[in-house]
Amino acid sequence: MAHVIKLLYNGYMHYFNEYKDPRVEEYPLLGSPLPVAAIIVGYLYFVKSLGPKLMTNRKPFELNNVMMIYNFVQVIANTYLGCLAYYHAFHRVHYNLACQPVKYDDSEEAQLEILYTYWYFLLKLSDLLDTIFFVLRKKDKNISFLHVYHHAGMVFGSYICGKFLPGGHAALLGIINCFVHVIMYFYYFLTSFKPELKKSIWWKKHITQIQLIQFAILIFHFSRPILNPDCEYPKFWLICGAIQNLFMFILFGDFYIKAYLKKPKAVQKPDKKLSDD
């Protein structure tokens with residue numbers, strides 16, 4: 001066991017020292033992985049254990065105003081970053097959808113890609129507040145495996161991109177994801193402003209459909225360069241990206257089927273004779 005731990009530690013030290021991007025070392029939280037790991041572990045512990053325990057004998061917090069501001073800020077932030085990243089990728093550096101390597105230089109374009117990747121990482125950290133609000137409002141039924149895994153996984157994935165692969169082929173994921181979150185958080189904003197709209201907004205299920213389309217596009221996007229020997233983007237991370245998006249497609253697909261396609265079972269009325277006894 002000690003030998004295995006030593007091998008893992010040596011592998012970790014080798015990878016994080018040999019393959020790190022020295023240009024991002026000064027960015028907060030992009031140095032050692034320990035702070036980010038602590039954030040993810042603390043998030044998981046709070047939403048699955050500590051938070052619900054603390055709220056057991058408390059009334060739910062009224063956070064409508066806080067959530068309204070949070071959702072509005074998320075709409076603005078995702079719109080701003082999505083538009084900036086899209087313009088940079090497709091109008092400044094002429095992003096290659098077949099294979100876009102990372103620019104490991106000190107050019108203005110490369111520095112902007114680092115900055116936009118870092119901002120995206122910060123947005124994924126801010127997404128964790130979504131689950132915290134569920135806990136504080138005692139909406140534990142909304143804290144599913146899909147919800148928690150997705151948020152924690154996006155923090156880890158965006159950290160890896162910021163640390164080792166700022167910009168490059170994975171940039172399309174960030175661009176698409178920003179615009180998907182604009183739609184999602186705009187829906188949240190409307191329903192936090194007027195909760196009664198939850199029953200009347202017909203396009204709620206289409207948000208999940210858009211997310212499924214997003215994952216399908218990204219599965220193809222990450223898979224395409226894997227078989228291209230001339231593509232300089234690391235094959236390992238391309239495979240990880242394709243597998244991760246396939247997994248998310250399956251999870252979101254399962255949610256969509258259960259939430260919108262399967263008819264709820266009819267509740268059987270109690271036997272009249274038994275109810276009269």
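The secondary structure of the chain comes to nine helices and zero strands. Helices (H or I, at least four residues) and strands (E, at least two) are DSSP runs, numbered from the N terminus. Along the sequence, the pattern reads α-α-α-α-α-α-α-α-α. The model is predicted: local features need pLDDT of at least 70, side-chain atom pairs count only at pLDDT 80 or more, and totals for chains, interfaces and linings use all residues. Residues are numbered from 1 along each chain as its sequence is written, and side-chain values use heavy atoms, with hydrogens and water left out.

The chain has 277 residues, of which 41% count as buried (under 20% relative accessible area; exposed is over 50%, partly exposed in between; 1.4 Å probe, protein chains only). Accessible areas come from the Shrake-Rupley method with a 1.4 Å probe; for residues, only the protein chains shown count as cover. Among contacts (heavy atoms within 4.5 Å) with a separation of 6 or more, 80% join residues 24 or more positions apart.

The largest nonpolar core holds 49 residues. Such a core is a set of buried Ala, Val, Leu, Ile, Met, Phe, Trp, Tyr and Cys residues joined through side-chain atoms within 4.5 Å. Leu 30, Tyr 43, Phe 121, Val 155, Phe 222 and Tyr 233 touch the most other members. Two or more residues each come from α2 (34-55), α3, α4 (108-136), α5 (145-164), α6, α7 (204-223) and α8 (235-261). Helix α4 gives the most, with 12 residues. A second, separate core has 10 residues, including Met 67, Val 75, Val 182 and Ile 207.

Tyr 233, one of the core residues named above, has contacts beyond its neighbours within four places in sequence. Its partners there are Gln 100, Pro 101, Val 102, Leu 165, Gly 168, His 169, Ala 170 and Leu 238.

Thr 191 lies in helix α6 (residues 171-193). Thr 191 counts as buried because its relative accessibility is 6%. A polar atom of the Thr 191 side chain lies 3.1 Å from the backbone oxygen of Tyr 188.

Phe 72 belongs to helix α3 (residues 64-92). Its relative accessible area is 45%, so Phe 72 is partly exposed. Together, Ile 69, Phe 72, Val 73 and Ile 76 make a nonpolar surface patch of about 390 Å². Patches are made of residues with over 30% relative accessible area and no salt bridge; like charges are joined within 9 Å, and nonpolar side chains (Val, Leu, Ile, Met, Phe, Trp, Tyr) within 5 Å. A salt bridge is a side-chain nitrogen of Lys or Arg within 4 Å of a carboxyl oxygen of Asp or Glu.

Technical notes:
A polar contact is a pair of N or O atoms within 3.5 Å; within protein, one must be able to donate a hydrogen and the other to accept it, and residues adjacent in sequence count only if both atoms are side-chain atoms.
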